[in-house]
Amino acid sequence: MTIPSITAQDILDQAESLRPQLKEGFRDEIVKSLYSEAARISGRAVHQVGNTKWDFDQKIDRLVTSPWTGLPIMLLLLAGVFWVTIVFANIPSQMIATALFWIEDQAANLFTSIGAPWWLTGFIWHGVYRGLAWVIAVMLPPMAIFFPIFTILEDLGYLPRVAFNLDWLFKRAGAHGKQALSMAMGFGCNAAGVISTRVIDSPRERLIAILTNNFVPCNGRFPTLIMLATVFVAASFSPTVSSFIAAGAVLAVVLIGVFFTLLMSWILSRTVLKGEASAFTLELPPYRKPNFSRILYTSLIDRTIFVLWRAIKTAAPAGALIWILANININGVSLAREIANFLNPFGLLLGLDGVIMLAYIIAIPANEIVVPTMMMVYSGVGMMTEITGFGEIRALLIDGNGWTMLTAINLMLFSLLHNPCGTTIWTIYKETKSTKWTVLSVVITLGTAFLVTFITASIARLLGWV
Amino acid sequence: MTNMITSACDTCPAHTQMAQMGLKIDNFDRVVALAGNPNTGKSTVFNALTGLKQHTGNWPGKTVTRAEGGYEFQSVKYKLVDLPGTYSLLSASQDEEVARNFILFGQPDCTIVVTDATALERNLNLALQVMEITDKVVIAVNLMDEARRKGLEVDTRSLARDLGVPAIPIVARTSEGMQTLLQTVADVIEGNILTSPLRMEGNDQYQAAVRTLAAQIEHLYPAIPNARWLAIRLLDGDDRVQQAILSGEVAELVSGQQRAEAQFSKQMAVAGRQ
Amino acid sequence: MDHLFPIIFWSSAVLLLLLLIFFPRRGMLARFKEYRQARQREQLEDTLKYLFGGQQSGHTLSAAELAASLQQPVARTVDLLKRMETQQLIENQEGNYRLTHSGEKSALHVVRAHRLWERYLADEALMPLENVHSMAHRREHGMTVAQVNALDAALGHPLQDPHGDPIPNASGNFRPHDQGSPLPQWQEGKIVKIVHLEDEPPLAFAQILAAGLQVGQVMRVMESNATRLVLTDGQDEFTLAPQVAANVFVSERSETAIVDEDVIPLGELADNQKAEIVRLDDQCMGFTRRRFLDLGFTPGTEIFPELQNSFGDPRAYRLRGTLIALRKEQAAQILVRPQLYQ
Ligand SMILES: Nc1nc2c(ncn2[C@@H]2O[C@H](COP(=O)(O)OP(=O)(O)O)[C@@H](O)[C@H]2O)c(=O)[nH]1
Ligand SMILES: [Mg+2]
């Protein structure tokens with residue numbers, strides 16, 4: 001018997017011709033029978049033996065998504081997280097700073113006493129080491145507190161509820177509600193936030209989420225915000241309320257970030273990323289009891305140490321660079337000062353100053369080292385300004401370097417809005433595989449930062465506030 | 001270090017049978033895939049077995065690509081593949097592609113379908129679909145602790161009887177039931193446990209169409225393991241399967257994919273650590 | 001040396017300018033050529049489509065008629081037609097043009113692309129039906145067969161476009177379908193299903209849409225006379241002028257009464273009211289439909305709007321033991337029957 005030979009194309013044609021013979025809604029039928037089978041089997045295997053906490057979960061869910069309490073609870077939670085972070089990070093930060101700078105002094109003295117040349121002592125201890133010390137003092141405590149709390153919320157299942165609560169706003173902005181999930185991940189690290197946009201199916205909405213993720217301040221930028229909020233915004237209030245004021249200020253900055261996320265999404269979805277809304281479905285998984293030991297481990301080892309280590313890797317060379325810049329003198333003025341002076345007019349235009357601009361340029365690889373860099377330039381590397389706490393920081397900045405409330409507020413805004421750090425830019429490139437979108441992600445953030453700070457500075461000056 | 005020998009079940013007498021191998025997956029003997037709906041604890045199982053640190057969290061969609069790691073059980077080396085969560089293998093959103101292509105074209109020696117004991121109905125839908133593709137399936141009924149908390153009793157024996165494949169209750173977080181799971185997977189692979197997965201019937205017309213097509217596919221590609229499923233997908237107009245048939249990719253299923261696998265695992269081993 | 005500077009300056013300026021214009025693939029000239037080619041291709045494809053449409057309704061078109069449809073001077077149109085003749089896409093019969101066999105094939109390709117795009121825009125992009133045609137018209141051009149096939153597969157091989165026109169399959173055959181007949185031909189009391197809405201002329205189409213009619217709706221003809229036509233779906237009444245109604249094509253439904261009287265879209269279900277899914281809207285096709293099915297939105301399933309939020313949209317529904325949030329637009333595509341007793 002000879003079998004007629006079949007080609008692949010024949011099979012496809014055969015399928016094509018068989019298809020119309022089947023009832024319309026072939027797929028519907030398959031899925032329906034799958035589900036009814038599944039229901040039958042699970043019905044036989046699962047029995048309710050007592051109605052325990054099941055209702056409790058539903059009650060909680062009603063509370064955190066209700067029209068009346070949903071949004072307030074979300075804001076309170078966010079404010080609460082900031083408050084706890086600020087309150088509990090403050091003292092350890094000061095202690096770590098004191099200890100690390102004490103070590104710097106001792107070590108530098110030791111080096112001098114054993115006759116090491118001044119530049120070696122300076123480079124190692126007032127350069128590299130001081131960069132590291134600043135990064136650890138400013139970053140470690142807030143992160144070690146923020147990450148576990150955040151991970152608890154993530155494990156509990158609260159994040160999809162946030163997406164649920166906010167989806168309407170994102171819809172209005174032409175974006176996808178799951179963008180709220182990627183923003184939440186952005187609080188940890190914008191690069192992680194960019195990767196997590198993969199939960200969004202539609203390429204258009206996903207690009208919007210990628211391009212705007214940076215408007216969420218990541219953990220590298222949080223310490224900056226917290227420090228500025230504590231030292232400037234809240235300092236003039238009595239100690240009992242000052243932590244609340246600081247948390248409120250940080251919350252306000254974050255909300256401004258959310259506002260700009262929505263605004264920029266809106267603009268993008270009506271210009272370069274014009275298009276249609278995609279189908280939206282979001283599963284709200286049941287709450288799960290967080291596993292505390294696991295969470296501590298994940299958040300401290302995987303996240304905190306990971307981010308800190310990354311910061312340290314950039315802080316050391318940055319510290320070295322600053323020390324060199326500060327110690328190369330041209331006509332009696334250090335190179336760092338020279339550059340800062342050069343950048344100063346531009347900085348002033350934005351309500352900032354030249355040193356801040358210089359710090360931002362040096363900190364492009366990792367945003368978290370902005371404050372340390374700035375402090376090193378201000379404190380004039382080489383001379384021994386003793387900074388043992390946040391109180392001295394205030395004195396140094398206001399009395400020594402002419403900071404005003406405008407400088408602090410604009411620095412917070414600038415740090416919220418400016419371009420993504422090197423890692424995030426690289427991640428955006430990897431995720432979009434496009435130079436165009438990568439460049440755009442930098443342009444829109446930096447553009448917004450310049451524009452907004454310029455406007456606030458101009459208004460403040462016009463109204464004579466500064 | 002991740003390749004340290006730790007136990008998945010300290011109270012088990014045979015706890016030394018199991019070792020986490022982390023990224024040491026250069027020469028594995030068996031490939032096991034973890035499939036399941038989003039949020040059922042696949043990555044938690046993966047982490048518990050391999051000692052690696054896949055991102056887990058209670059929101060759908062956090063695992064977006066597949067991750068690979070290794071474990072050793074009774075001196076057999078397994079490569080474990082953590083797949084993105086999917087509700088179904090029928091559609092073609094990106095993450096579902098990844099999962100589906102692996103189960104179909106990756107030809108794992110065994111697929112563990114991780115299910116949520118508190119939402120079995122929804123989860124079994126996917127399990128049934130996986131069982132259409134392959135015989136080598138073990139159902140892991142995870143989150144048993146949550147089920148208990150909600151007052152649900154899950155009779156895994158009834159489940160196994162109805163499905164025709166083993167169903168093992170586990171709590172991935174505490175590694176409860178993990179030894180039994182691994183033992184079952186090993187038994188299914190070695191043929192000590194024979195499975196007879198439940199397959200959907202459908203109406204006569206549908207049956208006839210599937211049979212016609214499946215016969216043709218088997219004729220063109222004799223050694224193919226799941227012609228029936230391919231036929232169903234063709235009738236449904238599945239673009240990916242059409243292409244695979246046209247390009248002859250289905251014929252290469254076995255040899256080609258395993259080469260690609262080996263390569264992929266090497267890449268992961270290099271790039272995997274951050 | 002100084003006198004050389006102007007020369008260097010000017011020659012480099014000229015060089016730059018030349019580069020700007022003539023640079024391969026990126027220069028202005030190349031860009032312009034590219035643009036012109038695309039334009040020409042578009043017009044060619046449109047011509048094929050118009051000729052095909054004419055032939056469907058049984059007549060051929062003259063150069064003047066085609067020029068009017070393409071909105072360009074007759075002379076240019078004649079050029080285009082000549083080119084198409086040499087490519088053996090069309091042939092001239094006493095001043096009128098008709099498609100050759102290969103022309104028909106190409107035309108079917110364009111028609112297929114157009115209707116698939118309409119399907120995509122209506123189903124996946126939830127674009128209002130009146131905009132779908134013009135948007136699809138822009139996107140249908142320059143697609144390869146493989147691209148169109150991919151689109152077809154992604155949409156789940158739909159049979160009809162949102163107006164009810166059939167979509168040819170990959171080999172260029174129209175799949176069998178019910179064309180229906182114009183609404184004014186049907187008597188009062190008949191139960192009919194809308195199978196096609198003619199989108200030309202746009203004014204009539206807009207009125208049909210404004211009246212709230214959709215392909216797939218099942219209606220009873222309440223009144224049919226020379227002045228007006230009234231339909232009902234059991235809840236609302238729809239009134240049309242006879243000229244407009246002539247653009248609505250319907251076919252008979254055998255049911256004796258309008259089924260689904262107590263069926264409402266999920267979006268309109270009251271908070272906390274249990275319901276049973278009856279079906280997914282016929283207009284919900286492709287990826288969205290498949291996603292719904294995969295999530296378990298199958299007929300017979302019990303569903304219950306459990307969570308609202310501050311904006312009232314989306315809502316989360318409990319379905320097969322899980323909570324799934326849907327926006328209003330999605331919820332409108334799922335039809336449910338409220339359970340009156342809880
Ligand atoms: N209570 C409990 N929670 C679990 C268990 N397994 C996983 N989880 C939690 O369920 C959530 C989802 O787990 P994950 O492994 O990320 O799920 P995947 O999406 O399937 O990879 C996480 O918050 C886990 O901590 C378990 O056995 N018991
Ligand atoms: Mg996972």
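The model is predicted: local features need pLDDT of at least 70, side-chain atom pairs count only at pLDDT 80 or more, and totals for chains, interfaces and linings use all residues. Residues are numbered from 1 along each chain as its sequence is written, chains are lettered from A and ligands numbered from 1 in the order in which they are written, and side-chain values use heavy atoms, with hydrogens and water left out.

**Stop 1: the sheet of chain B**

Select the strands of chain B. 7 strands form an open sheet, in the order S1-S3-S4-S2-S5-S6-S8, with mixed pairing. Strands here are DSSP runs of E, at least two residues, and helices are runs of H or I, at least four residues, both numbered from the N terminus. Two strands pair if DSSP finds at least two bridges between them. Go to the edges: S1 (18-22) and S8 (167-169) of chain B each pair on one side only. From one strand to the next, the twist averages 25°. Axes are lines fitted to C-alpha atoms, for helices over the stretch in contact, and angles run from 0 to 180 degrees between N-to-C directions.

Now pick S3 (67-73) and S4 (76-82) of chain B. They run antiparallel, joined by 7 bridges. Show Tyr71(B): in S4(B), Tyr78(B) stands opposite.

**Stop 2: two helices across the sheet**

Select H1 (42-50) of chain B. H1(B) lies across S1, S2 (30-36), S3, S4 and S5 (110-116) of chain B, at about 105° to S1(B). Contact means heavy atoms within 4.5 Å. Next, select H3 (120-133) of chain B. H3(B) lies across S2, S5 and S6 (137-142) of chain B, and runs at about 165° to S5(B).

**Stop 3: chain B against chain A**

Bring in chain A. The contact takes 63 residues from chain B and 64 residues from chain A. About 5800 Å² is buried between them, 60% of it from carbon and sulfur atoms. Buried area is the accessible area (1.4 Å probe) that two parts lose on being put together, summed over both. Show Asn58(B), Trp59(B) and Arg149(B): in chain B these lose the most area to chain A, together 13% of what that side buries.

Among the elements that supply at least two residues to the chain B side are H3, H4 (144-149) and H7 (204-220). H7(B) gives the most, with 9 residues. By class, the side of chain B that touches chain A has 26 nonpolar, 21 polar and 16 charged residues. Ala, Val, Leu, Ile, Met, Phe, Trp, Tyr, Cys and Pro count as nonpolar, Asp, Glu, Lys and Arg as charged, and the others, Gly among them, as polar.

Finish here with S1 (46-48) of chain A. 3 bridges join S1(A) to S7(B), and the two run antiparallel. His47(A) has Glu153(B) as its bridge partner.

**Stop 4: chain B against chain C**

Switch to chain C. Here 12 residues from chain C meet 14 residues from chain B. The two chains bury about 1100 Å² between them, 44% of it on carbon and sulfur atoms. The rule finds 1 salt bridge across this interface. Select Glu121(B) and Arg320(C): their closest N and O atoms are 2.4 Å apart. On the chain C side, H7 (145-154), H10 (286-294) and S14 (322-326) of chain C give two or more residues. H10(C) gives the most, with 4 residues.

Terms used:
Salt bridge = Lys/Arg side-chain N within 4 Å of Asp/Glu carboxyl O.
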